[in-house]
Each structure stands twice: as structure tokens, then as C-alpha cells.
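Please look over the sequence and the model shown below before reading on.

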Amino acid sequence: MPAFALAVRTRVHKSHPSYWDLSGLFCFCSYSPPVPDLQSALTPIFQENFAARGELGASVSVWRHGEEIVSLAGGFRHRPHSQPWDAGTMALVYSGTKGPSAACLLKSLWDAGIPLDAPVASVWPRFALGGKEAVTFADALAHRSGLPAVDDPPDVFNYQGVIRALEKQVPLWTPGDGHGYHPRTCGYLWDEIVRRITGQPLGLYWRQHFAMPLGLDFWIGLPPERLRDVAELYASRIPPPDDAFVRAFADTTSITHRAFSCPTGLFSVSSMNTAAARISSFPAFGGVGSASAVAKFYATLACGGAHQGLQIIAPGAAAAMAMPLTSGFDRVLRMETAFSAGVMQDPLNFACEKIRSTFGPSPRAFGQPGAGGSVGFGDPDLGLGFAYIMNQMEPGVLPNPKSTLLIRRMYEVLG
């Protein structure tokens, strides 16, 4: 029986068609041909991560068209090798939290009938202070708002202090004039917007609207009773490469250093292993979960926001994560980057060819790496979600061969 694709036209949002009418972006198959034995193809590479690449504990998951077609797990949750790592093991994913958090913001905007090009101050009036009255929700999602840091950074646990500092902060560049990664502050921005629209903190909104309906073991604010279920994270044992980002990060006067130091606190890996860090809700960098949960989440977005007939997020809102909003030189990461609504995409050159293939060959793929080597992404062309979760960190802000070799092989098999 041949496969055939049915183009699905997304609902035009009544308040702003130009942003929400992303017609034909997703392709849904009424029949899927037999999947090649992808698990067997990826197993040798996964095993090499432990034998040759210094992995401690890790898992990889691939979901496609509502089914998990790959589930690999191995190694240990702790360096003493006392607890084995299994497919349900959770780990901190650092910036991998941004994908779920961005989806929460998009869903809250869509459900409230608010377009992406509306000003943030329309729901958060004091945000307009400091010349930010024209900053839009799209700017906030695409790291264009000029707020990767504030002049007097509060403590990371002082939520209201960070919000007050962001309100009065003058942007570090003209909002919309280029972009720069907001590694920490974007989580507070998105959280406050969700609270203003829905009355709920983002971590609670995530549980009620995504994690519980989909059965995802992913948390933005871990319950205390689940603390023992999270693997210990270990800092890289390899020095970082000498590149533009590392040099900028070492310069205490640079925007890069300021961005990764704001708000203050929780800078070390050991501090992120504490109970206080794990139970707190940090939508930009504090999420913990399993590889299966992350892959299933992205596969749901890649399939128009639906899983087995359950519409989790409107197709138009999900599609916004596959449509580029900004691309070019990143003022903070000091490299070429591209962002859609809240997540990364691979940047393209002038010939519309990928400069790098973090998320596979599709130019519409979208996702988010996490510090140390975790990565999750969705591919609307294949209705696919992929995730790699680990606890032995490696240097660099982009994924390393532990996951990129798996991704490359996956696409070789799937064609």
C-alpha cells in the first residue's frame, strides 16, 4: 500500500492571519511504510559513545507518527557506577528546557488570540520602561529584545527581583536590530508573560497543558519526591576549544559574559545538582526529564501539535516553531545562529544551504541543544522527534559527536 500525504491547512487565527496562517507546513500520513530497523542501525554508534567517547550514562529516543521507534539506554546514573541508567532515567538538559517553555508561551498567546507581533507591554505594562514599548512577543521569542543581561543582576532564585530588573532595563541593543542569545533571562521573560496571560507560572502551565496530557516525564520544577530519580550531572573533563565564544565568555566586560552570568548564582554543575536547583522552576535552563519525553514532545510539535488524535497545541502555534524569525551573527554566542519562535534552527547561507546540520538535513527542523551535549529536535518533514540525554558533559555550546553521529546515521537509514 503506497504512502500518501494529505496537506493540512492550519486554522487562520482571527486576530492576526499573517503570523498564525502557516498553511501547508505540516504533512500528515494516513499510512506509514515499514520503518527500517533504525534501532539496530544506531546501536553500534551508541555503544561507541561509552567505549570510545567517554560517555557515563545516556539514552536516545526517536518518536515518529505517534510511536517510539528507537529507545536506547546505557551506562550509569552516578560515577561510582552503583545505579544503572535506563530508558526512564531523567537528567538536567540545561537550555533544552527552552523548547517546552517556548511552546507554553506560544500556546498561551494563541489561546488568548494575541498575535506574535503585538507588544509585550500589551499584557505587561511596566515592561515598556527603558524604551521597550515596541518589543514584540516575536522579539522576545527570537532573542531580539536586547535583554540578555541586566545592569544589576539579582540572584537567580529571586524571581520578582529579576522581573523588576528586566522592567527597568534599557536594551543592550536596539530591539529587532539583530539578535543575541538570551541564555538565562529569556526564561524569566517567557514565564512572566505566561503568568500575565494565564495566571499560572510557566512550570505549572507546562504540566497541565503538555506533560500530563502527553504523559511526559519532563519537569520545569521537579517535585521533591522525584529528586532521587534524576541522574547526577558531571562537568566536562576536556578543556573548551579556543574559539570566539570561549574568548568572549572569558572577557568579563563582554555581552557574552554578562549574558551567561545573569541572573547570578547556579553557575557550577555541582550547584545544578542540588535539591534547591532541581525543585525550582527555571524555564530557560532548569528542566529535567527523560529522552523519551523530549523526543515525544518534539514529535508532537512536528505532527502539527497532535498526538494520536489528541490536539495538544493548535497547528498554527506549533508551526511557528518551524518558521524562522531571525538569522545571522549572534551577538552573544559569537557565531551564526537562527531562531524561530523560541527554538533554534540551523542557519543557512546565501544559497539557502545549511551552514551546519545540528538538526539533520531539513531546513524546517527545529530544536534546542543543552549545555554539555543533550539535544532535542523535531522534523516536520518526517513527523519525527529526536532526543539525546546524558550526564557526562562535554565542552561547547552545540551538540558533539555523541549525538551528531547518531543523527547523521538516522537520516541515512530513513532517507
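Phe 386 touches Val 60, Ser 61, Val 62, Ala 295, Val 375, Gly 376, Phe 377, Ser 403, Leu 406, Ile 407 and Met 410, leaving aside residues up to four places away in sequence, where contact means heavy atoms within 4.5 Å. The model is a predicted one, in which local features need pLDDT of at least 70 and side-chain atom pairs count only at pLDDT 80 or more, while totals for chains, interfaces and linings use all residues. Residues are numbered from 1 along each chain as its sequence is written, and side-chain values use heavy atoms, with hydrogens and water left out.

Phe 386 and Met 410 are the residues that touch the most other members of the largest nonpolar core, which has 119 residues. Such a core is a set of buried Ala, Val, Leu, Ile, Met, Phe, Trp, Tyr and Cys residues joined through side-chain atoms within 4.5 Å. Helix 12, residues 291-302, gives the most to this core, with eight residues; helices (H or I, at least four residues) and strands (E, at least two) are DSSP runs, numbered from the N terminus.

Leu 406, one of the contacts of Phe 386, is found in helix 14, residues 401-414. Leu 406 counts as buried because its relative accessibility is 0%, the classes being buried under 20% relative accessible area, exposed over 50% and partly exposed in between, with a 1.4 Å probe and protein chains only. Apart from residues up to four places away in sequence, Leu 406 touches Leu 42, Ile 45, Phe 46, Asn 49, Val 60, Phe 386 and Tyr 388.

Grid points are joined across faces, edges and corners, and a volume is the space filled by probe spheres set on the points. By this rule there are three cavities of 30 Å³ or more, and the largest cavity holds about 60 Å³ of space. Its lining consists of Val 93, Gly 96, Val 294, Tyr 298, Gln 368, Ser 374, Val 375, Gly 376 and Ile 389, with helix 12 and strand 14 (375-379) each supplying at least two residues.

The largest pocket has a volume of about 980 Å³, and of the 34 residues that line this pocket, Phe 260, Ala 371, Met 393, Gly 396 and Val 397 are the closest to its centre. Helix 8 gives the most to the lining of the largest pocket, with three residues.

Turning to the strands, two of them pair if DSSP finds at least two bridges between them. Three strands form an open antiparallel sheet in the order 5-7-6, whose edge strands, strand 5 (91-92) and strand 6 (218-219), each pair on one side only. Strand 6 is joined to strand 7, residues 288-289, by two bridges, and Phe 218 stands opposite Gly 289 in strand 7.

Elsewhere, strand 10 (residues 326-329) and strand 11 (residues 336-339) pair in the antiparallel sense over four bridges, with Ser 327 opposite Ala 338. These two strands form a hairpin with six residues between them, and Arg 334 in the turn has a positive phi of about 60°.

Methods: On a 1 Å grid over the protein atoms alone, a cavity is a set of points where a 1.4 Å probe fits but cannot get out, and a pocket is an open set with protein on both sides within 12 Å along at least five of seven lines; lining residues have an atom within 4 Å of a point.
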